[in-house]
Amino acid sequence: MAKKISTVIPTYNGKKLLKKHLPAVFACLRSGDEIVIVEDTGTDDTVEWLIKEYQLEKTSAPIKGVDVYRGSYKKAKKKIDLTLVYNQENQRFSETSNRGVKVAKHDLIFLINSDVAPKKDTLEHLLPYFDDSSVFAVGPMENEHGTKSGKNKLWFERGMFIHSKADDFSAGPTAWVSGGSGLFDKQKWLVIGGFDKLFYPAYWEDIDLSFQARKRGWQVLFEPKALVDHNHETTNTTVFGQRKMEQMSWRNANKFVWKNGDFWQKLAHVLWKPYWWLIRN
């Protein structure tokens, strides 16, 4: 029997994007699967809209700091459980995602941003990989207005870990699976501890998660036949501004070295600091 999937969607003021992209999410899921939407204390009426639209009812919360509402989506013979998690205090992406994973009830987590629309057969191409117990995560091909992404490479150079898109998009190992869209093994996620709060409020947390998985010998893979449209309409730029986002990313890149680098990489990181200071100033 195919494993059931819990789709986890972290969101902030997400009503507009959820109304736009949820139909595609429902279409790609099977009866018996689940959607967990985690609203991160936004100021719009996302919670009220979801409660009314899907007739959700408040239930007991399995973790602290959240309110939980449950219901279901039904269409023809398809029934998909729908859970709404509301953060009582703003947590940003990493912890919001972690909470969704903890509340989710199925073995596989399809983590997607609220601005992602999967194709109807996306999960059909990702699921077979998890017949292999060594697989931690598989990422799909992301399409943004004709630009492809989803397969990545990571290397160490001049005292820093550097990342970019892969040189080719054939199926196989990738440096990391994006937190914006990917299918993950829930139990392995929990063993790692999920996204590390070290990288609060955002950036490098998904690279770190896959790095930790690969250190344990688990596979992190890419499948180009699995397609999603990623429209990059989420809120980081609006909330923080482009300059602040660049500063956060750089700060977390440095944290990544100190967490994951070996002795010689950390030494190189210190020695190359003047170079990077000159480059960035």
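User: To start, is Arg243 buried or exposed?
Analyst: Arg243 is exposed, with a relative accessible area of 52%. Keep in mind that this is a predicted model.
User: And which side chain does Arg243 meet in a salt bridge?
Analyst: That's Glu246, at 3.9 Å from N to O. Both residues sit in helix H8 (residues 242-260), three residues apart, or about one turn of the helix. Glu246 is partly exposed, at 40% relative accessible area.
User: OK, zooming out: how many salt bridges are there in the whole structure?
Analyst: A search of the whole structure turns up 14. One that links distant parts of the chain is Lys197 with Glu95, at 4.0 Å from N to O.
User: Where do Lys197 and Glu95 sit?
Analyst: Lys197 is in the loop between helix H5 (186-192) and helix H6 (205-215), while Glu95 is in helix H3 (residues 92-103). They are 102 residues apart.
User: Why does Glu95 count as buried?
Analyst: Because its relative accessibility is 9%, and the cut-off for buried is under 20%. Lys197, on the other hand, is exposed at 56%.
User: Which residues are linked with Glu95 in a network of salt bridges?
Analyst: Arg99 and Lys197 are linked with Glu95 in that network.
User: Switching to Lys188, what does its side chain meet?
Analyst: It meets the side chain of Asp185 in a salt bridge, 3.4 Å from N to O.
User: Is Lys188 buried or exposed?
Analyst: Lys188 is buried, with 12% relative accessible area. Asp185 is buried too, at 10%.

Note on methods. Residues are numbered from 1 along each chain as its sequence is written. This is a predicted model: local features need pLDDT of at least 70, side-chain atom pairs count only at pLDDT 80 or more; totals for chains, interfaces and linings use all residues. Side-chain values use heavy atoms; hydrogens and water are left out. Helices (H or I, at least four residues) and strands (E, at least two) are DSSP runs, numbered from the N terminus. Buried means under 20% relative accessible area, exposed over 50%, partly exposed in between (1.4 Å probe, protein chains only).
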